[in-house]
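Student: I am new to this structure and would like to go through it with you, one question after another. Could we begin once it is in view?

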Amino acid sequence: MKLILKILSAVGLGLTILPSMLVFSGAITWQTHAGLMVAGMLVWFATAPGWMKISRS
Amino acid sequence: MKSASTITRRLDALYEFDREPVAERKLQGPANFLGIYSGEHIAGTEYVIGPLFVSHGVTAPDFFLGLLVGNILAVLSWAFVTSPISVRTRLTLYWKLRKIAGPYLTVAYSLVNALMFCFLAGSMISVSATAVGLPFNMKMPALGDMLPNSVGWVIIVLLVGAAVTALAILGFEKISQFSKIASPWMILVFIAGAIAVLPNLGVASLSDFWRVANEKIWTGVPYQGQSKFTFWHVMFFAWFCNLAMHIGMSDMSLLRFARKWQYGFASASGMFLGHFVAWSASSILCAAASGSVAPGPIAYLGAGVAGAVCVVAAGWTTANPTLYRAGLALQVATPDWKRWKVTLWAGIVTTVAALFPALMMKLLDFVALYGLILMPMGAVIFADFWLLPRLGLRAEYAESKQLAFSWPALLAWLLALALSFALPYEIFFKALPGWFIAVACFVVFSAMQQKLQRSQPSPVNA
């Protein structure tokens, strides 16, 4: 289960960063990039709490 | 005197759980410190710092070289100043300072720290408000705005301040956890936003970047009314923007859990993944927004809704623990108040401060001032730990003699501040000489104190 969550989280981060590179190369529009970033955000926050754990103390 | 001892007892009780040095089984590995440092140095205020450098007319070489050298010096400060003392004593700043400076002076330091925390959290609320106000077409504060610029700004700041305060009262731990989860995503939003606007600035390929960086981003020309920044400004700011944490020693609370002193080098993740990348990205976004410095609009320009959410999240997640810590420190001055009531008042002070855009627009100066005010106590700890024993003087003198406060530490703090402010330099350059002044004052006054004490006959022999 954790592995699936981690893969989905990676997809979320990919959807956050990769569209900007496609905008830079002219492959997609800014609007598409902004929409994909929202999707990436939702995927990340839906999956990351399931496996991330960092404690300060 | 009675009320002062009550305050001291209450402060001791608040920090009771970490009174003892950290036990061996609680020590942590390097990965945890890498994660914490990279998370803690991605805040909403990073969206302001890059644009402020641009507005002060930094050139591209000065910006990158200044950041590189300043960040390296910051990492070295954590590794060679904070970390060795942290792992040898395994105490928090509070308890170490209490042994050296005595309980009363430690209370005074905690209260000053709390006030600084309130203003810092206020700047983060201002940052969040610029993103929350986007859908309402709120008039954004401009670089020269010192006072609230519209009714809309006042309403949004009050709402954000109320939400942040309510969440700080309701639960700190979950927000802290959310902050750690958000940080990897936030740094990618910074980077993605900057990459997406590069074509608007005329960057068609990577080979264009340096030319555009010099001509359109870090142009070397300050905005109207702004002073000119050089390599030295960038370097000293990058080094000292976390002065209270490294040379000021407040990160003893974190690094006392490190298995080895070398874990202080983990701060590099925060300085380079965090500050270096985030300030560069927000500078690019500012240039693409034709010089706008309001964090909400520039983040939206690069990353759309995700960018605006990132600004709110980055401001909120850092304002909350800051406000919580301020409430914790202020609680000592209000013995009969419950925690929620103290946090509420800290939130009110913070929100009122956030109403003034000056706090955000003069963030570089405020951050430098914040570090400068708290730094001398870090110098006192450094001198007490490394220098006094080598000079044949007793360390942790206040504790050994059961003193309520250490006058050498108090004078070192006050004189270092007074002389630093008197120096004819800009605020960014005062802390370095200030540290040497604080160390010298504490060593000389400690020698005088201990010599005086020795020359007086003890009550038993008298």
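**A helix enclosed in chain B**

Student: Why is helix α10 of chain B described as largely enclosed by the rest of the structure?

Tutor: In this predicted model, helix α10 of chain B covers residues 231-240. The buried ones include B:H233, B:F236 and B:W239, and what covers the buried residues includes α3, α4, α12, α16 and α19 of chain B.

Student: How is helix α6 of chain B oriented relative to α16(B), roughly parallel or roughly antiparallel?

Tutor: Helix α6 of chain B, residues 103-132, packs with α16(B) at an angle of about 165°, and their axes are 11 Å apart. Since angles over 145 degrees count this way, α6(B) is, relative to α16(B), roughly antiparallel.

Student: Which residues of α16(B) make the contact with α6(B)?

Tutor: α6(B) passes α16(B) in a left-handed crossing. From α6(B), the contact takes residues including B:Y109, B:M116 and B:F119. By class, this contact has 11 nonpolar, two polar and no charged residues. The residues on the side of α16(B) are B:L363, B:F366, B:Y370, B:I373, B:L374 and B:M377.

Student: Which elements give two or more residues to the side of chain A that touches chain B?

Tutor: The contact between the chains takes 20 residues from chain A and 22 residues from chain B. By class, the chain A side has 15 nonpolar, four polar and one charged residues. The elements of chain A that give two or more residues to that side are α1 (2-25) and α2 (30-47).

Note on methods
Residues are numbered from 1 along each chain as its sequence is written. Chains are lettered from A and ligands numbered from 1 in the order in which they are written. This is a predicted model: local features need pLDDT of at least 70, side-chain atom pairs count only at pLDDT 80 or more; totals for chains, interfaces and linings use all residues. Two residues are in contact if their C-beta atoms, placed from the backbone, lie within 7 Å. Helices (H or I, at least four residues) and strands (E, at least two) are DSSP runs, numbered from the N terminus. Ala, Val, Leu, Ile, Met, Phe, Trp, Tyr, Cys and Pro count as nonpolar, Asp, Glu, Lys and Arg as charged, and the others, Gly among them, as polar. A residue is buried if 20 or more other C-beta atoms lie within 10 Å of its own, exposed if 12 or fewer, and partly exposed in between; C-beta atoms are placed from the backbone. Axes are lines fitted to C-alpha atoms, for helices over the stretch in contact, and angles run from 0 to 180 degrees between N-to-C directions. Angles under 35 degrees count as roughly parallel, over 145 as roughly antiparallel, 65 to 115 as roughly perpendicular and the rest as oblique. A crossing is left-handed if the near helix is turned anticlockwise from the far one by less than a right angle, and right-handed if clockwise.
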